[in-house]
Amino acid sequence: MLALAHLDREFDYLVPAELDEQAQPGVRVRVRFAGRLVDGFVLDRIAVSEHPGKLGTLDKVVSPERVLTPDIAALVAAVAARYAGTRSDVLRLAIPPRHARVEGEPAPEQPVVTDPVVNSGAWAAYDHGTEFLAAVRDGRGPRAVWQARPGEIWAERLAELAAVTAATGRTSLVIVPDQRDLDRVAATCVALVGKEPVVALAAGLGPAARYRRWLAVLRGSARIVIGTRSAVFAPLADLGLVAVWDDGDDSHSEPRAPYPHAREVALLRAHGSGCAAVVGGVARTAEAQALADSGWAHDLVATRDVVRASAPKITALADSDHALARDPGARAARLPGIAFAAARAALGAGHGVLVQVPRRGYVPSLACGKCRTPARCRRCHGPLALPAAVGPDGSGTPTCKWCGIADSMFRCPTCGSRALRAVVVGAGRTAEELGRAFAGVTVRMSGGASVLDEVPAGPSLVVATVGAEPVMPGGYGAALLLDGWALLGRADLRATEETLRRWMNASTLVKPHGEGGEVVVVADSSLPTVQGLVRWDPVGRARAELAERAEVLLPPAVHLAAIDGSSEALAQLLEQAELPESAEVLGPVDLPGGESMPGADTGPVERMLVRVPRASGGALARALAESRALLGAKKSTAALRVQIDPVRIG
């Protein structure tokens, strides 16, 4: 495999007689290229080569295992073309490193999956849900954007789809964001069809365990595969279903070149194989809405009466003149009166209370109490934070997050004030404050390195950072979504979409309104994102988000390439590229804060954006790939990074 763009093509080699039987399409081989041995794969065997020169000879067949199947080879080529990358980069994501001892183990027998018991009533709650399930059972390849209703046991619904597909003799692939979701779906599938047909693939597995499970998929002894983003390349034969859960989660975006998104790879695979496809979630992304609006997929949404019966009561700040008159300080308070009232009511009824905060730690960010200038370390200019309260009055010493030096004599360089204030209050400080307010109530924390999967039912306070909310059997009695401004005010084009997704994922863990469930979101009720939560209308907000992006020409309404490199490298690329006539070049500008070029030198890095209509996305990717290949052929050493439709633009 050659990572250089100008060498991203097939090469012909002679197969010696002693390797003729082993050198089959799909096996790993070693060949000599430019005087050194490199790894590769046999793509095909032909009788006569079109190459006019002298051919080299295959040096070694590493293993007779045919690890690169024709389906995966076609998918790898499609992903490389979609993201202006090289097939070698995609192959590194698709095929795990070989483990010789595991490869010698015998393959388990292929299991038989019987038709499972499906909760038909749960599917009937969605418009055309029963018909969709029937189409999957018949192998007709339906495609849907599934909007899970509040409180839905989504892992069971995904397991039912996978099991129904497996019962027809075809295979199923389910992609989830993280290990917690993977364990949940895998356990549900095992309970439904047994352990033998189910394989869970995740990056956290050791080399031997991961390769053993991957080989089980390749050899056909797995009928249902559940995994994180890299599992989207699992070598399943006769694929009948591919499902992606919570596609708005950043974990679905691959941080290595060519930076593919698991949702897009899954859709490419579904399109190529003609299998059923499901993109599901409690909230909805603009990309998923674009699929429904284009007609490529159909909406799978619960009826409004079902949503109203399933959703908790949701209250925002100052949602009426009466509420504002009763608590005029609610807009400024971090824990307004309505939040305390909801927590007291839930605890009094014997239910748990979920408290969602944006950040972990105690006070992870400080600023001057007078002029609001961010507090910085005098030694290294790093940000000051309050990691824990140590004094009897709850005070502590500000400490630099970069060098670790405490600064007990802080003075603001702008106004000279010694006062400090919290910019963002972390989970630790929140848990401490709530522990004082509700004496005798158990307080649990989930976030960072200690994420709880589940907490016992009963009256307790659970303080969790976004994305680390544990499940409580039977649901929480109330949820307090704090510091909404910190989520909505992030310098990110997807801030509102991501905030609504985080809020809805937490709110769906709360009991329905009919059982006393209540959610208090500490944010202004007049904001459209807050109204989307109050009305529980993720489809409407996704449609509005898509319209706003179309108005300002942002993905998914257009295709956009973010190209990072030095000013010289960007100029060279732009000079070589034969961009489509509709292409619009923006920038270059400084690289957005918090991002860096992996492996690049310490020189200044800039970002250039190239924007084209959706119909010209393929032409843009080809032009950029060809331009990089030309620069590589000219021995250019300039570092460049090309990302097509990146999650974070700037």
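Student: Before we start, what should I know about the numbers?

Tutor: Residues count from 1 along each chain as its sequence is written, and side-chain values use heavy atoms, with hydrogens and water left out. Since the model is predicted, local features need pLDDT of at least 70 and side-chain atom pairs count only at pLDDT 80 or more, while totals for chains, interfaces and linings use all residues.

Student: Okay. How many salt bridges are there?

Tutor: A salt bridge is a side-chain nitrogen of Lys or Arg within 4 Å of a carboxyl oxygen of Asp or Glu. By that rule there are 36 salt bridges here. One of them joins R219 to E65, with N and O 2.7 Å apart. That pair links distant parts of the chain, 154 residues apart: R219 sits in the loop between α8 (207–218) and β9 (224–227), and E65 in the loop between β5 (60–63) and α1 (70–82). Those element names come from DSSP runs numbered from the N terminus: helices are H or I with at least four residues, strands are E with at least two.

Student: Is E65 buried or exposed?

Tutor: Buried means under 20% relative accessible area, exposed means over 50%, and partly exposed is in between (1.4 Å probe, protein chains only). E65 has 18%, so it is buried. R219 is at 24%, so it counts as partly exposed.

Student: Which residue forms a salt bridge with R284?

Tutor: That's D299, with the closest N and O atoms 2.7 Å apart. R284 is buried at 6%, while D299 is partly exposed at 32%. Elsewhere, salt bridges with shared partners tie R82, D247, R263, E264 and D645 into one network.

Student: Now strands. What holds a sheet together?

Tutor: Strands of a sheet pair through backbone hydrogen bonds, either parallel or antiparallel. Here, two strands pair if DSSP finds at least two bridges between them. Look at the open sheet of four strands, in the order β24-β25-β23-β26, with antiparallel pairing. Its edge strands, β24 (584–590) and β26 (640–644), each pair on one side only. From one strand to the next, the twist averages 20°. The angle is taken between N-to-C directions, from 0 to 180 degrees, using axes that are lines fitted to C-alpha atoms (for helices, over the stretch in contact).

Student: How many bridges join β23 and β26?

Tutor: Five, in the antiparallel sense, with β23 covering residues 558–565. Within that pairing, D564 has R641 in β26 as its bridge partner.

Student: And where do the side chains of a strand point?

Tutor: In a regular strand the side chains alternate between the two faces of the sheet.

Student: What does T69 touch?

Tutor: Contact means heavy atoms within 4.5 Å. Leaving aside neighbours within four places in sequence, T69 is in contact with L218 and P235. T69 lies in the loop between β5 and α1 and is buried, at 18%.
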